[in-house]
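Here is a short briefing on one protein chain. It begins with a pair of helices, then turns to aromatic rings and the chain as a whole.

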Amino acid sequence: MRKSPGGGWVWGTKRRHKRTANCGGASWHDRTRHPAAPGYSEKQLEGRVLETLHPAVIPSSIGAVAMFMAILPMPYEFYVLLRWVGPAVAIWTVAGGQKKTGWVAVFALVTVLWNPLLPVEMPRSSWVFLNVAGLALFAAAGAQLKASKPALRTHHAKSR
């Protein structure tokens, strides 16, 4: 950890700085390059200080909560609703343009298993295992899927 010329602290690849009105209140500027966030092209990220986003946090949180609730004893109507919510949030989770084939393949499997149009019939014990696996999968996706966008108003955080 060392003091940066802009008055913040530098920790490895991340630049931590004081929250000020001039920098939009963001606390981290990350020099790690992730795929471009929705609405940005890779060319717009070149040579700029980047801000790391987690675009999958909201859909993966909804999916994780739904999978957690599915572990509990719920009325049958909840599981019917889960067959619509599960695939929808699985698609939403990977729809942020992440271009990560592994995540797309895994969430395609979630979409197939929980799809409401051609339901997969299994005993409750198998569904409990799959719901726990789905919970872990959504939680991991929320933390792992990242995107970069240019940092706004970074007068004191200059690129190296």
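In this predicted model, the axes of helix H4 (residues 101–113) and helix H5 (residues 124–144) come within 12 Å. They cross at roughly 145°. The crossing of H4 and H5 is left-handed.

**The H4–H5 contact**

- Two packed helices are described by the angle between their axes and the distance between the axes.
- From H4, the residues in contact are Trp103, Val106, Phe107, Val110 and Leu113.
- Their partners in H5 are Trp127, Leu130, Leu137, Phe138, Ala140, Ala141 and Gln144.
- By class, this contact of H4 with H5 has eleven nonpolar residues and one polar residue. Charged residues are absent from it.

**Aromatic pairs**

- The structure holds four aromatic pairs.
- Trp103 and Phe107 form a stacked pair, with 6.1 Å centre to centre and 20° between the planes.
- Both Trp103 and Phe107 sit in helix H4. They are four residues apart, about one turn of the helix.
- Phe107 also pairs with Phe138, and this pair is tilted. Its values are 5.2 Å centre to centre and 50° between the planes.
- Phe107 lies in helix H4 and Phe138 in helix H5, so their pair ties together parts that are 31 residues apart in sequence.
- Ring pairs link Trp103, Phe107 and Phe138 into a cluster.

- Are Phe107 and Phe138 buried or exposed?
- Phe107 has a relative accessible area of 1%. The cut-off for buried is under 20%, so Phe107 counts as buried.
- Phe138 has a relative accessible area of 0%. Phe138 is therefore buried by that cut-off as well.

**The chain as a whole**

- The protein chain has five helices and six strands.
- Along the sequence, the pattern is β-β-β-β-α-β-α-α-α-α-β.
- The protein chain has 160 residues, and 38% of them count as buried.
- Consider contacts between residues at least 6 apart in sequence: 66% of these join residues at least 24 apart.

**To take away**

- H4 and H5 cross at roughly 145°, with eleven nonpolar residues in their contact.
- Within that contact, Phe107 of H4 and Phe138 of H5 are among the residues that meet. Phe107 and Phe138 also form a tilted aromatic pair.
- Trp103 joins them in the ring cluster.

Methods. Residues numbered from 1 in each chain as written. Predicted model: local features only at pLDDT ≥ 70, side-chain atom pairs only at ≥ 80, totals over all residues. Heavy atoms only, no water. Helix = DSSP H or I, 4+ residues; strand = E, 2+ residues; numbered from the N terminus. Buried < 20%, exposed > 50% of the residue type's maximum accessible area, 1.4 Å probe, protein only. Contact = heavy atoms within 4.5 Å. Axes fitted to C-alpha atoms, helices over the stretch in contact; angles between N-to-C directions. Left-handed = near helix turned anticlockwise from the far one by under 90°. Nonpolar A, V, L, I, M, F, W, Y, C, P; charged D, E, K, R; others polar. Phe/Tyr/Trp six-rings, centres within 6.5 Å; stacked < 30°, edge-to-face > 60°.
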